[in-house]
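Here are a few exercises to work through with the model on screen. Try each task before reading its solution.

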Amino acid sequence: MAENKKALLIDITKCIGCHSCEVACKAAHELPGDPEPNLSETAFTTVQEHAGKNIRRLCMHCEEPACASACLVGALKKTSYGPVAYDKTKCIGCRYCMIACPNSVPKYEWSKLVPYVKKCDMCVNRVVQGQPTACAEACPTGATMFGGRDQLLREARRRLDNDSSYVQHIYGEREFGGTSVFFISDVPFENLGFTVAPAEEPLPQLTQAALGEVPTVVLVGGSLLAGLYWITQRRREVALAEAAEKASRKEERN
Amino acid sequence: MPDDKKPLITPWRVILAIIFAAGLYATYLRFAVGWSAATNMSDAQPWGIWVGLATLCGVGLSAGGFATAAAVYLLGMERYRPICRTAIIIAFLGYGSVCVGYAYELGLPWRFWHPVVYWNRHSVLFEVCWCIIMYTTVLAIEFSPALVEKLPWKSLREWYLHWHHRIVIAFVLAGVLLSSLHQSFLGGLFIITKGKEYPLWYSTHLTTLFYLSAIPAGLAMIVIALYLSVRSLNVKIDPEILRELSAVLVPLLAIFAIFRGVDLAHEGGLGYLFRWRSETGYFWLEMALFVFIPIVLLNLERIRNSPVALYWTSAIVVMGFIANRINVSITGLERATHAGYTPKWSELAITVMLMTCAVLAFRYAVLYLDILPRSLAEKRAKWLANAGVVANA
């Protein structure tokens, strides 16, 4: 199982900014146009320059994805192979995934009348068949590596141990509760435009805590309200009985 | 209606015509030309005012429905029975316009039934969606007698009202629970935006904050509707009811303000209260409109005794509420996403058209159904059931 779970390791020190990954990605997903400066509905990955370094942007394929937990129809799902995949036949176009993603990765086809969500799918169709992602296959320097998640983490660790010029941090090992895309770099990640992970725990856990209160609210609230209603009814009965008694006493006196 | 002598073209009708012309043209843009022609939404701001204003405020301002139903049916506050139908129809029309609004808001609106078939119970939006579907049904059931009692068939009428009277309490109870859940979870939608949402609005207790703010806003909405109905729709209500509703606002707003303050301290937002940033301005605008100004005004004897002043104070509360929802859903996310979003005219035109439909429906309901009394009751019912019931017995 563990070796079934694939990942990408991106070594920023090795990237030469040739944009081969972008071209290969567009070809594999039949996306039009030349490489683009930012992620878009037609660019699932891009290479940006920060502090003199070439930085790839793409979906991080979180272990516990915020987008998948947000999607009310379950169109986005973490597959056992690693990719966070999108089932366009389920999507209703609410765009909550775009709000939920801490990296704002999912993009929308605003120009279309039948729009879908677009994002890197880690070439899920190729990965399932045992092939590497298009970007990793196209990378001429090995800056983007495809492999088993555990194996790539070991490899990243080995490089950090052997070369002290690396920042001693694997971005993606713990960020967002762990991802399937890892970055290693010789420049601190906060200088390279990386999102500082907002929490140690995966974001969906924050939501689960709130959703977990639903049964309590229903049970406690329901009993409380029913109890109040019972008291109200009882008071009404008592008031009516007293009034009736008063009336009959009045009649007796007369 | 004695309006034989009214001219055909009045200023209000001209305004209505403009609203509908603009709204229908915007509808054409949205469905025939595309998103980019009809909206300023973008990858950075995928929700805009159709969620921030139409959904969050449409549902929030309908909260008076469940609060009043609970007060009358569950707590026996017979005093408010005359306004109960008003509260329920406002809620029904509010939810109705939200549901219609989703035809515009969803990218693939013809798949509106998908959440019924495809479930993701880990999604806050799934919870919200189901609650809103069920609560809109509950509201329709709560409201149905107003329509059924106008039917010409006596036996059907009596049969329906007899059974309705017996089971309505179950629906009221379910309605209170469903409302409490989804009013909270509309705020819960933004719990997952940790790191994106600006610290003045982010909280893991957004659920409680949304709940606590929706109730006073919903009551303020009822005050507005009652005042306007008395002024122009030929109905009579005890003016004391407006005064009492407004009096309830003060503690409700104060509770919200205290919770908000404690929560800001707890979540570490206090350091952002006085930074020289646009968010700070929006925050204080929201707090001024929703909390400070109304609380001060409602403590003035002169304001409390004047229905028109109460009407304007309630309008300020509603504006403050709208400011809060737009801040959470738009302002607070702008800095992280670099969106720079302002709504396009057509986004507003569609929202305004849907709200106008709701207002018109309310008007005709009050005119042609028995929503509000047309004459004052001889005896004033007291706070709790006793006196009212005895008087009726």
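**Exercise 1.** Work out how H9(B) and H10(B) run relative to each other.

*Solution.* Step one: H9 spans residues 206-232 of chain B and H10 spans residues 239-267 of chain B. Step two: they pack at about 160°, with axes 9 Å apart. Step three: sort the residues of this contact, and you get 19 nonpolar, three polar and two charged.

Before going on, a word on the model: it's predicted, so local features need pLDDT of at least 70 and side-chain atom pairs 80 or more, while totals for chains, interfaces and linings use all residues. Residues count from 1 along each chain as written, chains are lettered from A and ligands numbered from 1 in written order, and side-chain values use heavy atoms, leaving out hydrogens and water.

**Exercise 2.** Find how much area chain B and chain A bury between them.

*Solution.* Start with the total: about 5000 Å² (accessible area lost on being put together, 1.4 Å probe, summed over both). Next, the atoms: 67% of that area is on carbon and sulfur. Finally, B:Asp43, B:Ile192 and B:Lys196 supply 14% of what chain B buries against chain A, more than any other three residues.

**Exercise 3.** How many salt bridges are there between chain B and chain A?

*Solution.* Look for a Lys or Arg side-chain nitrogen within 4 Å of an Asp or Glu carboxyl oxygen. The count is two. B:Glu78 and A:Arg236 meet in a salt bridge, at 3.4 Å from N to O.

Technical notes:
Axes fitted to C-alpha atoms, helices over the stretch in contact; angles between N-to-C directions. Helix = DSSP H or I, 4+ residues; strand = E, 2+ residues; numbered from the N terminus. Parallel < 35°, antiparallel > 145°, perpendicular 65-115°, else oblique. Nonpolar A, V, L, I, M, F, W, Y, C, P; charged D, E, K, R; others polar. Buried area = accessible area lost by both parts, 1.4 Å probe.
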